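Open the structure in your viewer and show it as a cartoon. The stops below say what to select and what is there.

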Amino acid sequence: MVRATYRFREYGIGPDREPDAEPMTFAMRCAVCGQRGPTCERPEESAAWITAHLREHPHHLSYRETVRRSYRAVPGEWR
């Protein structure tokens, strides 16, 4: 007969704030034509692309923002 003991561990999951974490990035996409602006580390930089796109396409009024943020699982207590 084989016997086994199992233990469970809780984890906390949240944004990765470690020094080596990937930076959070932002990008805008036109919801009308699908064109996408540059990926930036500051949201105001990615939002500035909308102004330039509107100059060329004044009827394109809907946009979507894509945010990429790293998450990390932090080991907790063994149960």
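This is a predicted model: local features need pLDDT of at least 70, side-chain atom pairs count only at pLDDT 80 or more; totals for chains, interfaces and linings use all residues.

Residues are numbered from 1 along each chain as its sequence is written, and side-chain values use heavy atoms, with hydrogens and water left out.

**Whole chain.** Select the protein chain: its C-alpha atoms fill a box of roughly 75 × 30 × 15 Å along the principal axes. The radius of gyration (over C-alpha atoms) is 21 Å, whereas a compact globule of 79 residues would have one near 12 Å. That globule rule is 2.2 Å times the number of residues to the power 0.38.

**Helix and strands.** Colour by secondary structure to find 1 helix and 4 strands, in the order β-β-α-β-β along the sequence. Both are DSSP runs numbered from the N terminus: helices are H or I with at least four residues, strands E with at least two.

**Aromatic pair.** Which two residues form an aromatic pair? Select Trp 49 and Tyr 63: the ring centres are 6.1 Å apart with 85° between the planes, which is edge-to-face. Trp 49 sits in helix α1 (residues 43-56) and Tyr 63 in strand β3 (residues 63-68), 14 residues apart. Rings of Phe, Tyr and Trp (its six-membered ring) pair if their centres lie within 6.5 Å; planes under 30 degrees apart count as stacked, over 60 as edge-to-face and the rest as tilted.
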